[in-house]
Amino acid sequence: SGVTTVPADGAMTHGSPERFSATFPHPMILKTLTLTAQGQAPIVVDVPAAEAAPTVGVALPRLAPGTYTAAWTAEGADGHKMSGSISFMVH
């Protein structure tokens with residue numbers, strides 16, 4: 001999809017990652033980010049309004065150790081929508 005994320009898909013992080021960021025082929029606005037871990041309620045991350053940019057990011061709450069799926073949606077200034085999901089492990 002040409003989208004690079006931090007944490008990367010399949011990453012193992014040492015401790016809770018402080019931010020989630022995504023780099024797109026062209027400027028986008030991050031709209032939503034939801035983290036889910038097996039057996040836990042989904043964490044809907046508060047995404048502040050921002051200008052479209054090639055790299056967008058948001059601060060993450062403190063995450064307990066576990067395997068998370070991060071599902072995101074983004075929109076371009078022209079209304080073009082993208083979405084995706086990655087999984088990462090917090091040690």
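Tutor: Let's take some labels one at a time and test each against its cut-off. Keep in mind that this is a predicted model.

Student: Okay, what makes Thr-13 buried?

Tutor: Its relative accessible area is 12%. Buried means under 20%, so Thr-13 gets that label.

Student: And which residues is Thr-13 in contact with, leaving aside its neighbours within four places in sequence?

Tutor: Those are Pro-7, Phe-88, Met-89, Val-90 and His-91. Thr-13 itself lies in strand E2, residues 12-13.

Student: How do you know that E2 and strand E7 pair?

Tutor: Count the bridges: there are two, in the parallel sense. Pairing takes at least two bridges, so E2 and E7 qualify. In one of these, Met-12 has Met-89 of E7 as its bridge partner.

Student: What about strand E6 and E7, in which sense do they pair?

Tutor: E6 (residues 66-75) and E7 (residues 81-90) run antiparallel, over ten bridges.

Student: Why is the contact of Glu-75 with Lys-81 called a salt bridge?

Tutor: The closest N and O atoms of Glu-75 and Lys-81 are 3.1 Å apart. The cut-off is 4 Å, between a side-chain nitrogen of Lys or Arg and a carboxyl oxygen of Asp or Glu, so this pair passes. In general, side chains of opposite charge can pair when their charged atoms come close. The structure holds one salt bridge.

Student: Are those two residues buried or exposed?

Tutor: Lys-81 has a relative accessible area of 59%; exposed means over 50%, so Lys-81 is exposed. Glu-75 has 22%, which falls between the 20% and 50% limits, so Glu-75 is partly exposed.

Student: Now the whole protein. What makes its radius of gyration agree with that of a compact globule?

Tutor: With 91 residues, a compact globule would have a radius near 12 Å, and the protein has 13 Å, which agrees. Along its principal axes, the C-alpha trace spans about 40 × 20 × 20 Å.

Student: And how many helices and strands are there?

Tutor: Zero helices and seven strands, so the pattern along the sequence reads β-β-β-β-β-β-β.

Conventions. Residues numbered from 1 in each chain as written. Predicted model: local features only at pLDDT ≥ 70, side-chain atom pairs only at ≥ 80, totals over all residues. Heavy atoms only, no water. Buried < 20%, exposed > 50% of the residue type's maximum accessible area, 1.4 Å probe, protein only. Helix = DSSP H or I, 4+ residues; strand = E, 2+ residues; numbered from the N terminus. Contact = heavy atoms within 4.5 Å. Rg over C-alpha atoms; globule rule 2.2 N^0.38 Å.
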